[in-house]
Each structure stands twice: as C-alpha cells, then as structure tokens.
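User: I would like to learn how to read a sheet and a helix pair in a model. Where should I start?

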Amino acid sequence: MADVLLSKVRKNYNPAILKDTLRNINLDIKDGDFIVFVGPSGCGKSTLLRMIAGLEDITDGDLVINGTRMNDVPPSKRNIGMVFQSYALYPHMSVFDNMAFGLKLQHMDKKEILERVVKAADILGLEAFLERKPKALSGGQRQRVAIGRCIVQQPSVFLFDEPLSNLDAALRVKMRLEISKLHQDLNATIIYVTHDQVEAMTLADKICVLSPLKANAESNLEQFGAPLELYNHPVNLFVAGFIGSPKMNFLKGEILSIDEKSSVVKLITGERITACVDASRASVGDKVILGVRPENLVKVDSAEATGGKVTGKVIVTENLGAEFYVYMESGASEIGSDFTVKSESELAVTAGDEFTVGIPASACHLFDEAGIAFPRTEVYKRS
Ligand code: ADP
Ligand code: MG
C-alpha cells in the first residue's frame, strides 16, 4: 500500500504557448485514503491522474510514492492500477482471460494467476461469469471486470477516471456502494475522478477541488479537505458554488456593520441579513457576496429565520415527492442565476408569485470581493 505525495506539480502540454493546464498542485495522500478529484470539464483531472500513472510527463514538481521520487519511473514499474470510463475489454476473451491477460504477459505462474483471478472475482461477485464473453454481460458487470483486471495486479494505488459515468442512474448507485466496499476490502489507496456530487461526498475521505487554471493564478487546486469541511467551510466562491447540489445561492451586497461573531450585510435590493462570520479583516462599506444553501432556507415566520429574509419572484416550482424546489429571481443575485429554495414539504407557491424566505444567520457564508471566504463562526444545523 502507499502514500502519494505531489509537490508543486505543474503540467504544460505546449510550452510554446506558455499555457499551463495544472499549476502548483500539492497533495499529501496517506496510505489507504480514498481521494476524489472534482472540477469542471477540462480543468485537468485526467491529466493529473495520468501523471501519477506515468502516462503523461510531469513538467515540474515531484511525485513521491512511499518516499521514492517517481517522476522518471516508467508506468509499468510504478505499481499503479488504472480504471477508465470506457472499460475496453477484449471482446473475444472470456471474463477470466480478460482479467488474467496482464498477468500472463508478465509470465506469472498459472497457479498464482488462477488464485488472483478467483479472489478478484470473489470480491467483485463475478464468480458465475468467468466463462462468459463481455457481450453477455451488463454494463455494470463489464465495469467490474475492468476493475478486476486492475485488482489482480495488486497495485499499491488505484486510479479511477470517471468509472461509472457510462452507467445508468440505478446502476451507478449500486456500483458506488460496491466501490465503497471494495475500498474497505482492499484497504488500498484510491484516487477517483468523478463529476457526480453524491459519489464525491459519500466515497471520499478527502476531496480535491480543481478549477480551470486562470492565466495569473498561483494554482488551480482550490481546496483539499474532508467532504463536510468543503461543504461547511468552502474557502472561496468557486468551491462554495461547486460543492453542493443544488448550488449555493449568491447574493450581492455590502457590509453594514462588523462584530466579532457576526456581520450585517445590506443586499443591493435593500434587505439586511445578519451572517455568523468573522469579517474583522474587512471594512464597513466593502462589497461582498452572501452565500446561502437552498436546503438551509426556512419559512420566513419561523424562529430559525434569525439572519433575515429574501424576497423574489417565483419562476418555476418542482415537486419531486420527497423534495420541493422553488426557483426564484432575486434582484440581488448575479445576473442570470436563480435563487433556489429546497424544502422537504410542498410550499404553497406557483410561478409568478412573490415569495419570501427566511435565512438562519448561522447558515450564511460570506465572501469578499476577491471571492475569499470569511471564517464562519457558527454552522447551521436544522432543528
Ligand atoms: P478533465 O479530465 O478535468 O476534463 P483533462 O485533464 O482531460 O481535463 O484536460 C485538461 C486540459 O488539458 C484540457 O484543456 C485539454 O484540452 C488539455 N489536454 C488534455 N490532453 C492533452 C494533450 N494530450 N495535449 C494537449 N492538451 C491536452
Ligand atoms: Mg477527464
């Protein structure tokens, strides 16, 4: 098993145009950790995985696995297994042979191959399918064979690049639970790319949020931390907007007063909201963005509406049975972005209505003009 350390890692595919894809990536991954990379398409998640696997050069910085610098070690010597979105099994080979293929190439002893394949098949629930060809398997079973092909190599690090994105929704949930179990069974270090919020929140010990690199940015690693740390304490607007679904609501305003434990913000629409944040590094009159998650909004007359209220015009409502969503337009939102309310019970509103919701002071996030979060002094818990 393995610790993986990335230190000041940079990737530039095309030095001629000086445009980096990744910059200053520092990650300290401990043996047995389940790490999830998330970020918008094109931000470099696959590139980072491929650099760890050795399929792509590292332009600058160090990749250290178990204390050894690996930058110049060929992929076959890194003891890393990778599972891709497209599982590319050999169609003419049985499940057994697909899993055994890599081991045969290494001229491994037949008995050892048999043992390893049978053990992997057992972990993955594929014993009954070993003689089948891939075309006689479901999508989920094929993906399990691809994972099996990786397990038999007994790698010290598993890399998964969006392994479930080709599967339908129900199967994804099932495979997600299986991958979680796999992690417990193998006790392996896993690095996993997904853009599924639920996969990230439930599978990860730590999530690494990447953004598309901006020209002058020091790095495009936005935050690296435990799922709830990112959910409750996003360090900036990017992470706040990326983690959580539906997305956090953002409202524009300025600081009216600053206390040690809270600040009052006047929205550009005039409403005053109290936020439990320490904004002592800011000044009265500073422009800020107030953030509040759709699931933290409350009825305006409820005792929990300690922070204030926001009024908007309802555009659409959605009733999902267990959840009810109201999408509103608020004059304080960024242009083109909705203000979303998520409720566990149906709310008596329809499109066109004016609707006012309450905000708990402890549910507020506050960001300065540069998008950097002020520390929260309290974290809202639904009573
Ligand atoms: P993600 O997996 O986060 O969607 P990728 O790592 O695939 O992102 O790509 C990151 C960026 O690097 C993209 O802008 C992509 O076009 C670019 N890129 C990826 N592979 C190559 C390559 N082989 N040559 C040049 N540019 C590449
Ligand atoms: Mg990718």
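**Reading a sheet and a helix pair**

Analyst: Start with the order of the strands: 5 strands form an open sheet, in the order 13-12-11-14-20, and their pairing is antiparallel. Keep in mind that this is a predicted model.

User: What does the twist average from one strand to the next?

Analyst: In this sheet the twist averages 45° from one strand to the next.

User: How many bridges join strand 11 and strand 14?

Analyst: Strand 11 (residues 249-258) pairs with strand 14 (residues 287-292) over 6 bridges, in the antiparallel sense. To follow the pairing by residue, take N249, which stands opposite V292 in strand 14.

User: Now the helices. At what angle do helix 2 and helix 3 pack?

Analyst: The angle between helix 2 (residues 95-105) and helix 3 (residues 110-124) is about 135°, and their axes are 10 Å apart. Because of that angle, helix 2 is oblique to helix 3. The crossing of helix 2 past helix 3 is right-handed.

User: Which residues make the contact?

Analyst: Helix 2 contributes F96, M99, A100, L103 and K104. From helix 3 come I113, L114, R116, V117, A120 and A121.

User: How many of the residues in the contact of helix 2 with helix 3 are nonpolar, polar or charged?

Analyst: Sort them by class: the contact has 9 nonpolar residues, 2 charged residues and no polar ones.

Definitions and conventions
Residues are numbered from 1 along each chain as its sequence is written. Chains are lettered from A and ligands numbered from 1 in the order in which they are written. This is a predicted model: local features need pLDDT of at least 70, side-chain atom pairs count only at pLDDT 80 or more; totals for chains, interfaces and linings use all residues. Side-chain values use heavy atoms; hydrogens and water are left out. Two strands pair if DSSP finds at least two bridges between them. Helices (H or I, at least four residues) and strands (E, at least two) are DSSP runs, numbered from the N terminus. Axes are lines fitted to C-alpha atoms, for helices over the stretch in contact, and angles run from 0 to 180 degrees between N-to-C directions. Angles under 35 degrees count as roughly parallel, over 145 as roughly antiparallel, 65 to 115 as roughly perpendicular and the rest as oblique. A crossing is left-handed if the near helix is turned anticlockwise from the far one by less than a right angle, and right-handed if clockwise. Contact means heavy atoms within 4.5 Å. Ala, Val, Leu, Ile, Met, Phe, Trp, Tyr, Cys and Pro count as nonpolar, Asp, Glu, Lys and Arg as charged, and the others, Gly among them, as polar.
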